[in-house]
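Please keep the sequence and the structure in view while reading.

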Amino acid sequence: MGMEGDGPDDGRPAPRPKAPLGERASWRLLLDQVRPHRRVLLLGGLLSLVGSLAGLAMPVMAKRVIDAFGAGGALAGPVIGLSAAVLAGALISAAGRFLLERMGETIVLDSRRGLVDRILRLTVSDVDRLKPGDLLSRVSSDTTLLRAVCTDALASLVGAVFMFLGAAVMMAIMDGLLLGVTLAVVGLVALMGVAIAPRIRRASLQAQVALGEMSSVLDRALQAFRTVKASGAEARETAVVGAAAVEARDRGVAAAAWTSLAGIGAWMSVQLAFLAVLGVGGARVASGEMEISALIAFLLYLFYLVSPIGQIIQSLTQIQNGLAAVTRIQEITTLRTEPAAEPVVRAGGEPVGVTFSGVVFRYGDDRPVVHHDVTFEVPAGGMTALVGPSGAGKSTVFGLIERFYEPQEGTITVGGRDIRDWPLGELRAMLGYVEQDAPVLAGTLRENLVFGAPGTTDEEIARALARTRLDDLVERLPEGLETPVGHRGILLSGGERQRVAIARALLRRPRLLLLDEATSQLDAVNEMRLREVVAEVARETTVLVIAHRLSTVTGADRIVVMEAGRVRAWGTHDELVAADELYRELAATQFLVSS
Ligand code: ATP
């Protein structure tokens with residue numbers, strides 16, 4: 001089984017977001033969004049149109065009222081008729097508007113849901129490359145743009161097309177030749193619109209990209225808020241965010257300029273059509289082929305085309321913005337995703353071992369090789385430690401076991417089975433993973449503990465808390481387990497965060513626990529306690545721990561020494577002190593042996 005999900009591109013390397021789609025493809029995407037709602041769109045457009053036509057009937061009705069008034073006749077009938085028409089027109093318009101707005105909201109909801117589902121199933125390597133702020137902006141701002149297009153622009157377009165066709169039919173009945181002249185002129189100017197449309201779309205796309213950039217810079221600053229302040233970088237970061245905002249404004253202004261030009265085109269088309277009809281019609285009147293009254297009537301109808309043409313141009317330009325938004329939404333949906341697996345939590349079971357054989361890995365084709373040839377074995381049960389200098393590739397071992405990344409060569413097995421053969425959900429359910437920076441999510445302490453194992457009982461939580469020596473903390477907290485821990489667990493100390501992460505991993509009852517530098521932030525007393533905990537856990541399950549402090553792993557059953565993407569030795573502490581120079585050096589610098 002491959003890592004690929006239902007993303008269309010299964011090859012390596014993972015595809016980057018594609019270049020802006022062509023006009024046709026963008027339209028198709030937009031229409032795909034609208035297609036399920038086409039009946040509502042037509043009905044809403046039609047109701048709005050009927051509402052406006054009721055408006056057109058108003059002058060005639062008013063004339064009747066005035067006539068009745070002048071003639072001294074009964075006023076009640078015409079007044080009631082006029083009021084009813086006003087009310088009916090307003091109600092019908094409002095109903096049409098509501099239907100369209102509701103449809104817009106549904107389309108936004110669908111695309112947001114789809115996007116979020118997609119984003120959370122992207123592969124880790126793609127998310128490493130994408131900017132979180134930009135992703136957020138796609139979910140919020142681009143989908144909002146989509147709504148404006150689906151409600152206003154498409155509905156107006158439908159209404160305007162109806163009006164245009166109506167006027168054209170009337171004109172065809174009156175004089176086919178003059179209609180031909182009109183349409184020829186309008187068509188010529190429409191070509192200009194066709195040339196302008198992609199420019200509006202491009203400018204709008206650039207504006208949205210700049211907005212995404214703005215979000216990602218702001219996100220970066222908020223993620224490292226203290227560092228920004230401590231570095232006195234507020235003004236500089238503000239300037240960077242500001243520059244992205246200025247870019248968004250400039251692109252927006254460019255789109256507005258092209259839109260105005262399109263507006264001029266609409267106006268010109270009507271004026272030119274008027275002159276052309278006047279010229280051709282005038283000549284025909286002069287030669288006696290046409291009556292002057294017919295020409296005047298035709299010219300009057302020509303002006304009926306003005307409003308729908310203006311409306312159509314306006315809608316089409318607005319739709320260009322929507323096409324830009326659709327393009328950005330689509331970029332996410334073309335990325336590879338992991339297969340949607342039924343989440344399996346707390347698989348439980350016997351401890352499992354791990355083997356790496358001949359693993360070669362780099363994070364991307366343009367990246368240096370991180371694992372040159374990694375081969376080692378972790379027996380089931382007990383504690384195995386990974387040690388080595390910084391950058392040796394230890395954390396990468398964990399990323400590969402979790403299948404966040406795929407090695408280019410070699411085989412990794414868990415429980416004697418190639419990890420590519422495990423269903424992803426089952427594989428991850430076997431593993432408990434404590435990341436290097438032990439992340440804690442916003443929410444309560446309880447939510448954090450049961451994050452990996454919903455349905456955990458209070459007794460189990462209490463046991464995990466006792467094991468990780470968090471029970472004192474919970475007693476001290478004002479609301480116990482229900483105490484909020486703040487954004488990224490900021491209300492906890494570094495050591496507490498780490499123990500929360502360990503307790504969370506333990507509650508999954510892992511068959512293999514992966515601890516990445518789990519003890520680096522603990523004080524001496526807590527570190528000793530945790531060492532006991534890990535030793536205790538290692539009696540029930542397999543523990544693979546990455547440690548910088550050798551003191552925490554000297555008691556490990558097996559220690560694997562990594563250096564620069566290779567495994568250089570393994571054995572017990574004593575064996576390695578005797579046999580491996582690097583290990584002896586590491587031990588010496590940490591005062592465990594005298595060199
Ligand atoms: P440390 O002890 O400092 O955590 P380590 O032995 O765990 O180091 P790794 O984190 O595995 O080392 O990193 C090995 C190399 O891989 C480093 O050179 C690092 O720059 C690179 N690397 C790590 N994570 C990524 C990533 N997500 N994308 C690209 N390169 C990465």
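The model is predicted, so local features are described where pLDDT is at least 70 and side-chain atom pairs count only at pLDDT 80 or more, while totals for chains, interfaces and linings use all residues. Residues are numbered from 1 along each chain as its sequence is written, and side-chain values use heavy atoms, with hydrogens and water left out.

## The ligand and its surroundings

The ligand is surrounded by 16 residues, and the closest of them are S390, G391, K394, S395 and T396; a residue is counted as near when one of its heavy atoms lies within 4 Å of the molecule. Sorted by class, this shell holds 5 nonpolar, 7 polar and 4 charged residues, where Ala, Val, Leu, Ile, Met, Phe, Trp, Tyr, Cys and Pro are taken as nonpolar, Asp, Glu, Lys and Arg as charged, and the others, Gly among them, as polar. Helix α10, which covers residues 394-401, gives the most to the shell, with 3 residues. Helices here are DSSP runs (H or I, at least four residues), as strands are (E, at least two), and they are numbered from the N terminus.

In one of them, an N or O atom in the side chain of S390 is 2.5 Å from an oxygen atom of the ligand, and in another, a nitrogen atom of the ligand is 3.4 Å from an N or O atom in the side chain of Y363. The side chain of Q436 also takes part, with a polar atom that lies 2.9 Å from an oxygen atom of the ligand. Of the 630 Å² of accessible area that the ligand has on its own, the protein covers 67%; such areas come from the Shrake-Rupley method with a 1.4 Å probe, and for residues only the protein chains shown count as cover.

## Salt bridges

How many salt bridges does the model contain? The count comes to 27, under the rule that a side-chain nitrogen of Lys or Arg must be within 4 Å of a carboxyl oxygen of Asp or Glu. Three of these pairs are set out in the table.

| Pair | N to O distance |
|---|---|
| R35 and D32 | 2.9 Å |
| E105 and R147 | 2.5 Å |
| R467 and E536 | 3.5 Å |

The pair of E105 and R147 links distant parts of the chain, since E105 belongs to helix α3 (residues 76-120) and R147 to helix α5 (residues 132-174), 42 residues apart. E105 counts as partly exposed because its relative accessibility is 40%; the term buried means under 20% relative accessible area, exposed means over 50%, and partly exposed lies in between (1.4 Å probe, protein chains only). R147, at 27%, counts as partly exposed.

The side chains of R467 and E536 also meet in a salt bridge. R467 lies in helix α13 and E536 in helix α16 (residues 524-540), so this pair ties together parts that are 69 residues apart in sequence. R467 is buried, at 18% relative accessibility, whereas E536 is partly exposed, at 28%. In another place, salt bridges link D134, R138, D142, R328 and E331 in a network.

## A nonpolar surface patch

On the surface, M192, L261, I264, W267, M268, L272, L275 and L278 form a nonpolar patch that has about 720 Å² of accessible area together. Patches are built from residues with over 30% relative accessible area and no salt bridge, with like charges joined within 9 Å and nonpolar side chains (Val, Leu, Ile, Met, Phe, Trp, Tyr) within 5 Å. Helix α8 (residues 234-286) supplies the largest share of the patch, 7 residues. L261 has its place in this helix, and L261 counts as partly exposed because its relative accessibility is 35%.

## Single residues to look at

Most residues other than glycine have a negative phi. R403, although not a glycine, has a positive phi of about 60°, and R403 sits in the loop between α10 and β4 (409-414). Is R403 buried or exposed? R403 counts as buried, because its relative accessibility is 1%. R469 has a positive phi of about 55° and is not a glycine either; the place of R469 is in the loop between α13 (458-467) and α14 (471-476), and at 22% relative accessibility R469 counts as partly exposed.

Conventions. A polar contact is a pair of N or O atoms within 3.5 Å; within protein, one must be able to donate a hydrogen and the other to accept it, and residues adjacent in sequence count only if both atoms are side-chain atoms.
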